[in-house]
Amino acid sequence: MARADVDAEFGALPAAPYRRRIIADDSVDDDGKPKRTGTVWTATAHVITAVIGSGVLSLPWSTAQLGWVAGPATLSVFAVITYYTSVLLTDCYRSDDAVTGKRNYTYMEAVESYLGGGQVWFCGLCQYVNLVGTAIGYTITASISAAALYKANCFHKNGHSADCSVYTTMYMVVFGISQIFFSQLPNLHEMAWLSILAAVMSFSYATIGVGLSLAQTIAGPTGKTTMGGTEIGVDVNSAQKTWLTLQALGNIAFAYSYSMVLIEIQDTVKSPPAENKTMRKANLMGVSTTTAFYMLCGCLGYSAFGNAAPGNMLTGFGFYEPFWLIDFANVCIVVHLVGAYQVYCQPIYAAVENWAAARWPRSDFVVRKYPVAGGKYNFNMFRLVWRTAFVVVSTVLAISLPFFNDILGLLGALGFWPLTVYFPVEMYLRQSKVQKYSKKWVALQSLSFVCFVVTVAVTVASVQGITQSLKNYVPFKTKL
């Protein structure tokens, strides 16, 4: 359709000054930005890339702490909560009207539109601390998987009893260097191919983990399993049972965590149909797919290893052979985390760059863009310096805190209640004008309170775990 100018009058008001000019142009959306092209499939790929990450590798360990009853039940409960609150959140992408309302480009903008005030600062603190923490956690996980490549080949060559330990620092540095390159991709709109590749990789290594666990379960030997998980007096003492159970809850919460980037994912989706309808389908497909994988990974991994399940299914060397398949799985993990790292960091990049552009609008260093690759991409000096600095700092922090399970539990705790439950519930109550003390209001507030209690307990347990790990920690000398 050709460009067209349309005069719009409001009701019976005189045309001026209440007239606005609407410009119809196939190359731009209703907000003047380039036409969004995302579909339910690209959105699902983004969701799966964000959800299936390092958390899946800890699920056999988490199930071992909880047992056959509480383990699968906890996975199911977190899946239902995550899907339900994500649906509430998708309805907040536009203010007032789901089709024509003002777009909220970030989670913080949605909170500001509906809740305002100090809630915005609380949301920003929770979101960006969690996003930075996730970047650190993914750097740790990618380095562990890369180091496991060396160890798998070493064990195959020298025997399972050989000393094949290796420092992980070098692998973190290499991962960081790769992220400096990929961080120059301008935004999520330019990253659909990377998310699709990452989603394929996540399916690949999750499938390999499930297959190896199934083979181990059938062929044996298998570890001892119980209805209640690790046994007091046999595997752990009573205090350890409490702490480890809470850490397991945190790991599962982290495994489902993606609400902090959901609004940004939704902002890539084209309309019509309305973006919230597309995202509901994407959320359903993404969460249901990952839940199926999580159940298989957690339950089959627990069946294979029992109460002695390793903290990381593919790098804790519960499996030694076939070494080439384990190598391939770990390569898939690294490739997936390269993409997932960028999906989680894009909101951080955008927030700082938008602030800088507003603060120094005439600075060439901040706002000037230089076309590269025949004009397909734009190069910006501030983007280069800022994103490189962020990757360097997050890599150094990862090297300083290489505690896989404890970090996962803490990240799950920090992001679960405020970002996955509290803000979506509060915005829904405000948007739908739910009457205070009505049945729906009480039910939603009860859900929020229970999740808050879980978050506090898991945070305490994760901090305790990190404190214990620090007792034997030598900076920059961590071995796998």
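**Notebook: salt bridges in a predicted model**

I took a salt bridge to be a side-chain nitrogen of Lys or Arg within 4 Å of a carboxyl oxygen of Asp or Glu. Arg387 lies in helix H13 (residues 381–400) and Glu353 in helix H11 (residues 323–359), so the pair ties together parts that are 34 residues apart in sequence. Helices (H or I, at least four residues) and strands (E, at least two) are DSSP runs, numbered from the N terminus. I noted that both Arg387 and Glu353 are buried; buried means under 20% relative accessible area, exposed over 50%, and partly exposed in between (1.4 Å probe, protein chains only).

I recorded that this is a predicted model, in which local features need pLDDT of at least 70 and side-chain atom pairs count only at pLDDT 80 or more, while totals for chains, interfaces and linings use all residues. Residues are numbered from 1 along each chain as its sequence is written, and side-chain values use heavy atoms, with hydrogens and water left out.

I next examined Asp91, which forms a salt bridge with Arg280 at 2.8 Å between the closest N and O atoms. This pair links distant parts of the chain, 189 residues apart: Asp91 is in the loop between helix H3 (59–90) and helix H4 (107–114), and Arg280 is in helix H10 (residues 275–305). Asp91 is buried at 15% relative accessible area, whereas Arg280 is partly exposed at 35%.

I then noted that Arg94, Arg103 and Glu275 are linked in a network of salt bridges.
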